[in-house]
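Dear colleague,

Please find below the structure that I am handing over to you. My notes on what was found in it follow directly after.

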Amino acid sequence: MTETAQIGVGWVHVHAPRPDSVVLRRVHCPTCERRRFFVVSHTPWYGINETCLWCGERFDDEGRAERPFERGWRKRSIESARRHYRRYRTLPETHSSTPGGA
Ligand SMILES: [Zn+2]
């Protein structure tokens with residue numbers, strides 16, 4: 001998601017925004033109609049982004065993200081999510097959604 005965010009945007013060149021939380025989570029996938037592992041990424045300003053590691057379907061705060069009209073997008077989406085997870089998984093998860101937590 002973040003890698004394609006600047007397509008069609010004419011203003012300044014910006015780096016992909018850095019997520020403040022990237023975790024693996026097993027939740028129900030509406031496309032697979034069963035529980036799957038998702039890479040769940042939260043980025044300030046952009047919000048939540050979830051990618052099913054089985055079907056490659058992406059979801060954000062609005063629901064299911066638009067599907068690209070290209071061959072092999074599911075595979076690329078899954079690979080992209082895996083790269084994203086490997087790159088950012090070491091981030092501390094403590095400040096993601098636990099206000100008041102120690
Ligand atoms: Zn799925």
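The count of disulfides, meaning pairs of cysteine sulfur atoms within 2.5 Å, comes to 0. A disulfide is a covalent bond between the sulfur atoms of two cysteines. This is a predicted model, in which local features need pLDDT of at least 70 and side-chain atom pairs count only at pLDDT 80 or more, while totals for chains, interfaces and linings use all residues. Residues are numbered from 1 along each chain as its sequence is written, and side-chain values use heavy atoms, with hydrogens and water left out.

Strands (E, at least two residues) and helices (H or I, at least four) are DSSP runs, numbered from the N terminus.

Ideal angles at a metal are 109.5 degrees for four tetrahedral donors.

With regard to accessibility, buried means under 20% relative accessible area, exposed over 50%, and partly exposed in between (1.4 Å probe, protein chains only). C32 is buried at 17%, C52 is buried at 0%, and C55 is buried at 9%.

Backbone and loops

E33, which is not a glycine, has a positive phi of about 60 degrees. E33 lies in the loop between strand 1 and strand 2 and is exposed, with a relative accessible area of 65%. W45 is likewise not a glycine and has a positive phi of about 80 degrees. Most residues other than glycine have a negative phi.

W45 is placed in the loop between strand 2 and strand 3 and counts as exposed at 84% relative accessibility. P44 also lies in the loop between strand 2 and strand 3, but P44 is partly exposed, with a relative accessible area of 42%. P44 and P19 are 25 residues apart in sequence, and their C-alpha atoms are 6.7 Å apart in space.

G63 is located in strand 5 (residues 63–64) and is partly exposed at 25% relative accessibility. From G63 to E50 the separation is 13 residues in sequence and 9.7 Å in space, C-alpha to C-alpha.

Cavities

A search of the whole structure finds 2 cavities of 30 Å³ or more. On a 1 Å grid over the protein atoms alone, a cavity is a set of points where a 1.4 Å probe fits but cannot get out, and lining residues have an atom within 4 Å of a point. The second largest cavity holds about 30 Å³ of space, a volume being the space filled by probe spheres set on the points. G56, E57, R58, A65, E66, R67, P68 and W73 line the second largest cavity. This lining divides into 3 nonpolar, 1 polar and 4 charged residues.

With kind regards

Methods:
1 Å grid on protein atoms, 1.4 Å probe; cavity = no way out; pocket = protein on both sides within 12 Å on 5 of 7 lines; lining within 4 Å. Nonpolar A, V, L, I, M, F, W, Y, C, P; charged D, E, K, R; others polar.
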